[in-house]
Amino acid sequence: MGTTQILFWFLTALALLGAIMVLVSKNPVHSVLWLIVVFFAISGHYILLNAQFLAIVNLIVYAGAIMVLFLFVIMLMNLNAETEPQKSIWMKFFGVATGGLLLSFFISFIVSSIDLKNKTAQLKEGDVGLIKNLGKVLFSDYVIPFEIASILFLSAMVGAVVIGKKD
Amino acid sequence: MDSLQLQALLPFIVLASASVVIILLIAARQSHTVIQITGFLMMCLVVLAMWYVRDVLPRAIMPLLVVDGMAAVFTGLIVFCVLIIGLFSFIYFEEREENPKEYYILIFLGTLGAAVLTISRHFISVFIGLELLSISLYALIAYLRNRNNAVEAGMKYLVLAAMSSAFLLFGMALIYMDTGSMDFDGIAKQLQTQGHSPALFVTGIGLMMVAVCFKLALVPFHLWAADVYQGAPVPVTNFIATVSKIGVFAVLVRFAQAVQLQSYHFAVIIISFVAIVSMVGGNLLAIKQQNIKRLLAYSSIAHLGYLLVAFLPGNAAGIEAGMFYLFAYSITLLAAFGIVTMLSGRQADADQLEAYRGLYWRNPLMGAILTVALLSLAGIPLTAGFIGKFAVLNAGVQQQLWLPVIVLVITSVIGLYYYLRIISTLFAETQVIFPKEKSLHPLFVAGTYGALLVLLILLLGAGIFPSAVIDGIKNFLCQGFRIINF
């Protein structure tokens, strides 16, 4: 078992543990902190796949910006166990049932899939996720959607300014 | 990308630059009138650009976009709607305290989003176009944020639209996992070579349909429609009812054409079910409505259900019928919401049915236009709505889709009841003295009446001489089909 494989199993276990802890934590702030652990583990996976750009963006955007927003909102709302309305047992039951069905669907698909059998992820040789290649594709084939995405941000900014303006 | 491809994209580039021009004008502290006129001229420029590039079409801009005849029809319809909505916006916002200038930036950005949807042939451009449209709409719906319902409506739309985007992305990811392609043609090719039953593809389509049905406000994803239509400013309601639906329907048609969606039994069952419950639900919910904006919201749910009946056959006749129906529906709703805009006062929109009592005796022209628009929505002969419904029925009967067709006929009769109820209110006697109209620049009042008259002529013209419109659509579509033979 090489270093990569050890790292892979470690990160996988960490991601699963983090995800389960997000769900079982009573305190919402702890859930958010565990979610950050999940994001770090997944970023580690991206690095193993040689997709450094994705790993960094995942950390900056999700673990950095969005999690801060999460914490901010949770602290503003001042949640705690006493005031939290209790969900009925039926809601929990249906939630588990639908989630479980989706999970079993995916597992059965992946197990039975012919395409995925005996395939392993490209670990070191994959170069799709390198910043150099990504930049080339982004500014040649995908230049129009890239520009439209910039207009999308313009739209979001104008909207935020209009709604949030004083007076 | 070569120069011909850039040329084909010219209308979209002009559309994108329109919003930047407006931003610069706002920075230069120009008045509302200047911005309105510039916006109008920019939209005219888009139309001119479309005319200028007509020989370049059809042209694919690999891997994401294709500008062909179908895109031209849908984009043309979108730009036309925005031209008219822009005109109505002036008189609506001029009399309100709030600063109306940023409104035009958002409208043009939303239009660009809908236009990008019409030329998409790839999941990435679909998603970006849809987000551009939705994000502009979030802000537009809540634009008059001092109004009671505005922020509530904007919030509802934000949460539900973000949710539906998540469904869309998940569906796209599943289809990508199954076929290894996000390109419509690539997906179609992969599906043909793949022998086994595409379980992930079915799930993906199901999840994507949730998002599409949400955007088109079809039952059972219609819950936002009435509240958002009521809470949004009237021109924005008009925008949601026409532009955003044209864009989403265009991408649905293009995707279905590429992957032969109607040849999958499960897809036909899902779409027929949604169409039937939308027709029944929309019409039944509209019956008791006293608020005209909510009533038009429910009626638009029913109309999108009718539109899906045209979508079901999946052949050229169905697409033509759908396009004509969308054309008729758009101009009708533009006219109806135009009247609502004209009657809205400084404090509140004219959304209560009481405000329309005796409208015909107070203002015969407006009364007549609203009557024709409602008759067209009901599908009475000599209006565009009748021809549209006829074309849809024709397409459905040819494919022997008996159940949706029968439901369409029955629910149309139910629909007639509440349209006629409004019309009878228009002609009722009234003793109430309504305040005189506000003094606006006569040029804009004339422009608005001109726009309403153009819509009236189009409504009647397309109802009496539909062949001109139908032939036009056919010509454009032939151009679109040429690209398949390349």
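## Buried area and the basis of the model

Buried area is the accessible area, taken with a 1.4 Å probe, that two parts lose on being put together, summed over both. By that definition, domain 1 of chain A and domain 2 of chain A bury about 470 Å² between them, with 62% of it on carbon and sulfur atoms.

The model is a predicted one, in which local features need pLDDT of at least 70 and side-chain atom pairs count only at pLDDT 80 or more, whereas totals for chains, interfaces and linings use all residues. Residues are numbered from 1 along each chain as its sequence is written, chains are lettered from A and ligands numbered from 1 in the order in which they are written, and side-chain values use heavy atoms, with hydrogens and water left out.

## The two domains of chain A

Chain A is divided into domain 1, covering 3–129, and domain 2, covering 130–167, with bounds that come from an automatic or database domain assignment. Six residues of domain 1 and four residues of domain 2 take part in the contact between them, where contact means heavy atoms within 4.5 Å.

Across this interface within chain A there are zero salt bridges, a salt bridge being a side-chain nitrogen of Lys or Arg within 4 Å of a carboxyl oxygen of Asp or Glu.

## The interface between chain B and chain A

Chain B brings 34 residues to its contact with chain A, and chain A brings 25 residues. The area buried between chain B and chain A is about 2,400 Å², of which carbon and sulfur atoms give 82%. Of the area that chain B buries against chain A, B:Ile128, B:Ile135 and B:Arg145 supply 21%, more than any other three residues.

Between chain B and chain A there is one salt bridge, and in a salt bridge the side chains of B:Glu102 and A:Lys165 meet at 3.8 Å, N to O. Two residue pairs are in polar contact between chain B and chain A, both residues being at pLDDT 80 or more. On the side of chain B that touches chain A, at least two residues each come from α2 (10–27), α5 (101–118), α6 (123–141), α7 (150–179) and α9 (199–215) of chain B, and the largest share, seven residues, comes from α6(B). Helices (H or I, at least four residues) are DSSP runs, numbered from the N terminus. By class, this side of chain B has 26 nonpolar, four polar and four charged residues, where Ala, Val, Leu, Ile, Met, Phe, Trp, Tyr, Cys and Pro count as nonpolar, Asp, Glu, Lys and Arg as charged, and the others, Gly among them, as polar.

## Salt bridges within chain B

Over all chains the count comes to nine salt bridges. One of them joins the side chains of B:Asp185 and B:Arg121 at 3.0 Å, N to O. B:Asp185 lies in helix α8 (residues 184–193) of chain B and B:Arg121 in the loop between α5 and α6 of chain B, so the pair ties together parts that are 64 residues apart in sequence. B:Asp185 is partly exposed at 39% relative accessibility, whereas B:Arg121 is buried at 8%; buried means under 20% relative accessible area, exposed over 50%, and partly exposed in between, with a 1.4 Å probe and protein chains only.

The side chains of B:Glu152 and B:Lys156 also meet in a salt bridge, at 2.8 Å, N to O, and these two residues, four residues apart in helix α7 of chain B, are separated by about one helical turn. Another salt bridge links B:Lys474 with B:Glu320, their closest N and O atoms being 3.9 Å apart. B:Lys474 lies in helix α20 (residues 466–485) of chain B and B:Glu320 in helix α14 (residues 316–343) of chain B, so the pair ties together parts that are 154 residues apart in sequence. B:Lys474 is partly exposed, with a relative accessible area of 36%, while B:Glu320 is buried at 18% relative accessibility. Salt bridges that share partners join B:Glu152, B:Lys156, B:Asp227 and B:Arg294 into one network.

Terms used:
Polar contact = N/O pair within 3.5 Å; in protein donor to acceptor, adjacent residues only side chain to side chain.
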